[in-house]
Amino acid sequence: MSDFQEHLAKLEDKQRAYAELAEVKELFASRGWFAGTSGNLSVRVGDFNPGSFQFAVTASGKDKSKRTAEDFLLVDQNGKPSEPTALKPSAETLIHCEIYRLTGAGAIFHIHSVFSNVVSEWFWERRSVPVAGVELIKGLGIWEEEAQIEIPIVPNYADIPRIVPEITDALQPRLPGVLLRKHGIYAWGKDAFEAKRHLESFEFLFEYVYRWELLQGSRR
């Protein structure tokens with residue numbers, strides 16, 4: 001492949017990632033998952049090895065209910081812009097860096113929802129959200145009958161680098177997600193489609209657990 005062809009392939013891959021992010025951003029915004037400019041999305045671009053990779057990520061401080069020409073930027077494995085830009089990556093880009101490094105995922109989506117925040121606090125002392133036998137566990141790629149999972153909860157710090165080792169310690173090979181306490185879910189997959197499916201499945205499970213706990217409490 002010539003230098004020109006390689007450059008063109010990288011450009012096309014970046015444009016694909018931006019298009020996928022724009023589509024997911026619009027969908028999630030319509031569901032109210034980006035309150036107050038919260039949340040962040042990323043899609044990996046190009047080849048991967050744990051020490052060298054790039055990904056497209058949402059820019060910091062943008063209203064995600066709107067589509068503009070400055071919604072995304074390209075960053076490297078350290079979360080630094082790969083191209084000259086006045087845009088700043090999302091404040092939590094370092095978390096994306098660590099998840100990519102550990103999993104080799106193709107996309108990572110993070111949103112804030114009331115249900116994820118409530119159950120993360122309710123089960124904080126347990127350090128995980130227990131879910132048993134719910135059909136949407138299959139949406140996470142876990143197909144055994146009456147499967148039981150424990151969705152890990154990690155502390156949420158204002159100093160983002162402090163969160164990174166917590167993520168490292170909490171990751172479970174079969175679960176494509178981790179929940180930040182009183183913050184929200186990070187979900188990932190081999191591509192944007194799978195990451196979206198995983199995030200939607202987690203959100204369904206959080207709402208299920210919340211409502212089930214309410215019913216159980218009303219019977220006591």
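These questions and answers concern a cavity and the salt bridges in a predicted model.

Reader: Which residues line the largest cavity, and into what classes do they divide?
Author: The structure holds 1 cavity of 30 Å³ or more, and about 40 Å³ of space lies in the largest cavity. Its lining is made up of Lys 25, Thr 58, Ala 59, Lys 62, Asp 63, Lys 64, Lys 66, Asp 71 and Phe 72. These residues divide into 2 nonpolar, 1 polar and 6 charged.

Reader: How many residues apart in sequence are the parts that Lys 25 and Asp 71 tie together?
Author: Lys 25 and Asp 71 form a salt bridge, with the closest N and O atoms 3.6 Å apart. Lys 25 belongs to helix H1 and Asp 71 to the loop between strand E2 and strand E3, so the parts they tie together are separated in sequence by 46 residues.

Reader: Is Lys 25 buried or exposed?
Author: Buried means under 20% relative accessible area. Lys 25 has a relative accessibility of 5%, so Lys 25 counts as buried.

Reader: Which helix holds Glu 200, the salt-bridge partner of Arg 31?
Author: The side chains of Arg 31 and Glu 200 meet at 2.8 Å, N to O. Arg 31 lies in the loop between H1 and strand E1, so the pair ties together parts 169 residues apart in sequence, and the helix that holds Glu 200 is H5.

Reader: What is the relative accessible area of Arg 174?
Author: Arg 174 meets Glu 144 in a salt bridge of 2.7 Å, N to O. Glu 144 is partly exposed, at 42%. Arg 174 is also partly exposed, and its relative accessible area is 40%.

Key
Residues numbered from 1 in each chain as written. Predicted model: local features only at pLDDT ≥ 70, side-chain atom pairs only at ≥ 80, totals over all residues. Heavy atoms only, no water. 1 Å grid on protein atoms, 1.4 Å probe; cavity = no way out; pocket = protein on both sides within 12 Å on 5 of 7 lines; lining within 4 Å. Points joined across faces, edges and corners; volume = space filled by probe spheres on them. Nonpolar A, V, L, I, M, F, W, Y, C, P; charged D, E, K, R; others polar. Salt bridge = Lys/Arg side-chain N within 4 Å of Asp/Glu carboxyl O. Helix = DSSP H or I, 4+ residues; strand = E, 2+ residues; numbered from the N terminus. Buried < 20%, exposed > 50% of the residue type's maximum accessible area, 1.4 Å probe, protein only.
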